[in-house]
Amino acid sequence: MLNPGPTTETEKYFENMLSMTFNCSLWQDNSMSVKRFAFARFSEVTEQCFLLFTLILLMFLASLTGNALITTAIWTNPVLHTPMYFFLANLSLLEIGYTCSVTPKMLQNLVSEARGISREGCATQMFFFAFFGISECCLLAAMAFDRYMAICSPLHYATRMSRGVCVHLAMVSWGVGCMVAWARPTIFSPWTSVAPAAVFVAATLCISSPFLLIIASYGRILAAVLSMPSPEGRRKALSTCSSHLLVVTLFYGSASVTYLRPKASHSPGIDKLLALSYTVVTSMLNPIIYSLRNKEVKAALRRTLGKKKVLAHR
């Protein structure tokens, strides 16, 4: 017989986090002492599940295609080999990993009766979800710093944002995400000595610190832009930041609404929609934001697609 609910404080901590992130709950088979996680369906109506499956699948494929195209366009077009586009390529790679860490299981859950996941499988999924998510937080801060250097210190931009500096910033972003993500799944082991509260604090710092750096960077950028004498110069400077600002707003906005809402306002329906928003919708919108608002990216995408058409006809 299955008894729902966690049995330790550690499990309670993770059940709360998992229920908001993946819409799942913990259950235990007392006869075998094996714990698994059961995912909650978006809907119990079969027709609605298939409709949602089709919608999420299309968004998932659009996200993968868009981010893959942007990454390919940047790496294959020398004109885009600049710090800003280097970070954008890394962001697209993170978005691919971020959405792939959750969406396939979400799709399976919509059309399959097997809605459980093992303790180890859940730990693995959580590792990659935290890895890509926290790495993206840090990378967004690096992108804000890049815009700060380009606008506030244009004469020293080329030397201070050299290729080596950009590579180091990207490596730090990926590295921080990996370290924090590695600490989280170890708590699923009964032999671990890592306290859930310590991991929670570390994860919070790794999310809030980049956000504060982004705010500080844009505070300096705004001050520099307002001091420019030319309206055209102000418009041009702000236009280089608009796409990044919109992406930051989507990323942090959806996460804040999900995790910082009062407990009384949580409901299964709203939590499911929010989970869908920040795992699939945001990743799908990012390539659109950067391609629609950037002439260089659009031109590079046309060249990349043109090359693929030529190769296909050979």
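In this predicted model, the crossing of helices H5 and H7 turns out to be right-handed. H5 covers residues 119-152 and H7 covers residues 163-183, and the two pack with their axes 7 Å apart, at an angle of about 150°. Angles over 145 degrees count as roughly antiparallel, so H5 is roughly antiparallel to H7.

What do the two helices bring to this meeting? On the H5 side there are, among others, Phe127, Phe131, Phe132, Ile134, Leu139 and Phe145. H7 answers with a set including Leu169, Trp174, Val176, Val180 and Trp182. Sorted by class, the contact of H5 with H7 has 17 nonpolar and three polar residues, and no charged ones.

Next comes the pairing of H2 with H3. Here H2 (residues 46-76) packs against H3 (residues 83-100) at an angle of about 155°, and the axes lie 9 Å apart. With the cut-off for roughly antiparallel set at over 145 degrees, H2 and H3 are therefore roughly antiparallel to each other. The crossing of H2 past H3 is left-handed.

From H2, the residues in contact include Phe60, Leu64, Asn67, Ile70, Thr71, Ile74 and Trp75. Among their partners in H3 are Tyr85, Phe86, Leu88, Leu93, Glu95, Ile96 and Cys100. By class, this contact of H2 with H3 comes to 13 nonpolar, five polar and one charged residues.

Methods. Residues are numbered from 1 along each chain as its sequence is written. This is a predicted model: local features need pLDDT of at least 70, side-chain atom pairs count only at pLDDT 80 or more; totals for chains, interfaces and linings use all residues. Side-chain values use heavy atoms; hydrogens and water are left out. Axes are lines fitted to C-alpha atoms, for helices over the stretch in contact, and angles run from 0 to 180 degrees between N-to-C directions. Helices (H or I, at least four residues) and strands (E, at least two) are DSSP runs, numbered from the N terminus. Angles under 35 degrees count as roughly parallel, over 145 as roughly antiparallel, 65 to 115 as roughly perpendicular and the rest as oblique. A crossing is left-handed if the near helix is turned anticlockwise from the far one by less than a right angle, and right-handed if clockwise. Contact means heavy atoms within 4.5 Å. Ala, Val, Leu, Ile, Met, Phe, Trp, Tyr, Cys and Pro count as nonpolar, Asp, Glu, Lys and Arg as charged, and the others, Gly among them, as polar.
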